[in-house]
Amino acid sequence: MATVGHACLIFGLGCSLYGVVASLVGARTGREALVRSGRRSLYALFGLAVIAFVITEFAFLTSDFHYTVVATHSSTTTPWYYRLAAMWSSQQGSLMLWLTLLAGWSSLCIVMLRGRLRDVAPYAVAVLLGFGAFFTALMLFSASPFETVPVAPPEGVGLNPLLRHPSMMIHPIMLYSGYTLFTIPFAFAIGALIVRRVDAEWLRATRVYALGAWLALGTGIILGARWSYVELGWGGYWAWDPVENAALLPWLTGTAFLHSVKIQERRGMMKIWNASLVLATGVLAILGTFLVRSGVLDSIHAFVEEGNLIAWAFTALVVTMIAGSVYLVITRRGNALKSESRLDSLLSRESAFLGNNLVLVAITFVVLWGTFFPLISEALTGQKEAVGPPWFDQYTVPLVLILVLLSGIGPVIAWRRTSWSQLWRSMRLPAIIALLVAAGCVAFRPGNGDTAPLIMFVVGAFAISTSVQELWRGTRARQAMTGEGPFAAFRLLLARNRARYGGFIVHIGVAALFIGIAASSSFQSVSDVRLGVGEQATVGGYTFNYVKPIAQIETVGGRLERITLGSQVRVSKDGSFVGNLYPNRGYYPAMGSTLGAVSTYFAGESVSEIGLKAGLTKDLWTAETPDISSLMPVVRRGDAVFAKAAGQGLNPEARSLFLAAALNGLTTRYRNDPPPAQFRIIVSPIVFWIWLGAIIVFIGGVIAAWPSVGAVRDRVRARQAARVAQDLGRAQRA
Amino acid sequence: MSVIAPIIAIVVLGLVVWFVGQPLRSRVAEEDDLREEGRIADLQAARDAKYRQIRDLEMDYRTSKLSEEEWRSLDRELRAEAVEVLHELDQLLPPDQRDVAAPDPPAAPLAADPR
């Protein structure tokens, strides 16, 4: 089937290139048949990508090690569900995922247009097919998932153990969905600029994809943070790693765009800004993929084996995108991008959105500069130097504080203009709540004197209060107008003003998330201790007692997957039992190793599994690094015994049995005579708020993105039309 | 297997060529005035935006962000702008597709319809 998969890629490349030409020629000459044929090329690309994707997944699922990509990224001991996800841990598979998602989302968008934007769509299709051609060509010429060997190895290398986590099955799909969905508004912006039709129509048609991209990317970022927190064994959820930043960059500009687009829709203002933002977001989405796949910057996430050609290809693509975008914006900045109205007042929601945009773009610039600083410093000084989290925090923390404050002010200001007295009336209660929180912070002085987290509590409380107040007031207003019950009024308020009130729910989630980040990162207690069995350490007021060691062999389908060494840690506070934690470290065998028979089982990757007791107010987190040095003399003796036995003609079955006995002996020895182990213990307040905030953001985002029911929209349009007609009639009579 | 794979590939290629080339074989009406169609779509988007603004403005008033005086003043402006858009749209659309249809004033006052 590799031949069929490879053929699909070749046909996909041909189809994409043909579609680009057909769409462009069709658009320029007005030949509808060519435009339609170009559009069909996109659908065909999707079909071909799906076939190629399914063939690759089937190879992973059946552990067909004839495929090089399967042999190097999976194994028979990899559980079947991780075998499916193993595909996108590889360069080849992730490019395939990108192509499939791109073609799928793009096809969906073009189908959903239902004949609208007929002048813009062919150019957008050409751009999207251009991306399709790029990724297909990358696979064909640099990283084909269909490269095979005549004789399959008996066993694969296996999936990187770090990626054996449930969130890693969804995280890449979410990130790539975000990236690929952001290319849709990008493509339509290019089309709209080419035909000089930068009005509200293209924004309306593509906004749902921008919102979907924002939601998917945000979900991917949070899943990545969760993975980092529970899998990487360092206790954090964000490290300003280049690949984390790469996902954050388009999310930030996308957030700015989702706000400023409202101003253009309502007032016909900020057309240049919006076009620039959406183009920048598209470029940053490709840049994000580039950073993950090229290996140009060192990252724990950059799973790259062969980078050079891909790095150059991505660089060329990004440069082309930037040059094309800049050219189009500059050449269209005259009439096409001229504002239709001006800002009525600084005291308006438009101003708050503008402020929010400036802050988001400033954060984007800081993150971009910090992320690429190693390349910048290398270019200027010849030395590759990276900036660390303190550098990022220094600039982003004040900007985020302003952002959260603005997210509290925005919902209470009216569009166009409002008065100070009206604004104060709307902000009075949230301001009082914020002041009470501020007074509490001053009175109790939590933490180590750092004021930034305290300010975050205050502005966060303010932002949450304003959004909750708006939801409450909206419900009350609806009740007063319709006589509905509170629940029905609330439900219908959300259903009929999805973008507005979904957005307010997102604000609540974002504020909760940042409060969680501020508290957990500033007020956490961390301790690295070495404990023997029966010994204890006190961290953050909690006592952690190393009760007993745990050592076991885990198998899948009769084959050893890993050896786990860990411990049971009893946690108590003031003598009262709080819970048991079970941190451990899994040792995976080194496949194809030339090491000794026993030591090979300790020579592969080792991955920490944390012990976590999460709560509403506190997380108790532990990671353990067992000391296996005491086992190594025994391991080496075992290697020697097996080497000698092999020389005396030990048959494979007997070897397996003896090996299993030897490994069992090792784990028993560890249980009976455990050496002291190294523990990292963290007590963090309200980490839970981060995940809760993310869930609230997700719910709000889904509400905002959920499409309106066409019938309802049409009915509303008719009623509004009737009202305007009534006014028109009055005006004419007057 | 070595024979089946190329056959499947050829079948896939045939399907792709047939599917993508289909519009070129059938007679498709050529578009003659995309510019006017685009202008209509833009005006329709602008009209919908005005309706949304009128609705949101009322919500702003109902949730105490605007005084009644401010609301009425802004509402008048928005309605005047909407009327302009509708006028322009009427000139471009054929009579049977025009949106402004209800000659009788709605019985219920504006506040009775929170949407």
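The conversation below takes up confidence, then helix packing, then strand pairing.

Mentor: Keep in mind from the start that this is a predicted model, with an ipTM of 0.76 and a pTM of 0.84.

Trainee: How do you know which elements of chain A have the lowest and the highest mean pLDDT?

Mentor: pLDDT is the predictor's confidence in each residue, on a scale from 0 to 100. Among the elements of chain A, the lowest mean, 50, belongs to helix 21 (residues 710–733) of chain A, and the highest, 94, to helix 6 (residues 121–141) of chain A. For chain A as a whole the mean is 85, with 92% of the residues at 70 or more.

Trainee: What is the mean pLDDT of chain B, and what share of its residues reach 70 or more?

Mentor: The mean for chain B is 73, and 70% of its residues reach 70 or more. Over residues 100–115 of chain B the pLDDT is below 50, although this stretch has 26 contacts in the model beyond near neighbours in sequence.

Trainee: Why are helix 15 of chain A and helix 17 of chain A called roughly antiparallel?

Mentor: Helix 15 (residues 451–482) of chain A and helix 17 (residues 498–522) of chain A pack at about 160°, with their axes 9 Å apart. Angles over 145 degrees count as roughly antiparallel, and the two helices are therefore roughly antiparallel to each other. Their crossing is left-handed. The residues in contact include Gly460(A), Ala463(A) and Glu470(A) of helix 15 of chain A, and Ala511(A), Phe514(A) and Ala518(A) of helix 17 of chain A. By class, this contact has 16 nonpolar, 5 polar and 1 charged residues.

Trainee: What makes helix 12 of chain A roughly antiparallel to helix 13 of chain A?

Mentor: Helix 12 (residues 349–381) of chain A and helix 13 (residues 389–409) of chain A pack at about 165°, with their axes 9 Å apart, and that angle makes helix 12 of chain A roughly antiparallel to helix 13 of chain A. The crossing of these two helices is left-handed. Among the residues that meet are Gly355(A), Val359(A) and Ile363(A) in helix 12 of chain A, and Trp391(A), Leu399(A) and Leu406(A) in helix 13 of chain A. The residues of this contact divide into 14 nonpolar, 4 polar and no charged.

Trainee: How do you know that strand 4 of chain A and strand 5 of chain A pair?

Mentor: Pairing requires at least two bridges, and strand 4 (residues 559–573) of chain A and strand 5 (residues 576–581) of chain A have 5 bridges in the antiparallel sense. Ser572(A), for instance, stands opposite Phe577(A) in strand 5 of chain A. The two strands form a hairpin with 2 residues between them, and Asp574(A) in the turn has a positive phi of about 50°.

Technical notes: Residues numbered from 1 in each chain as written. Chains lettered and ligands numbered in written order. Predicted model: local features only at pLDDT ≥ 70, side-chain atom pairs only at ≥ 80, totals over all residues. Helix = DSSP H or I, 4+ residues; strand = E, 2+ residues; numbered from the N terminus. Axes fitted to C-alpha atoms, helices over the stretch in contact; angles between N-to-C directions. Parallel < 35°, antiparallel > 145°, perpendicular 65-115°, else oblique. Left-handed = near helix turned anticlockwise from the far one by under 90°. Contact = placed C-beta atoms within 7 Å. Nonpolar A, V, L, I, M, F, W, Y, C, P; charged D, E, K, R; others polar.
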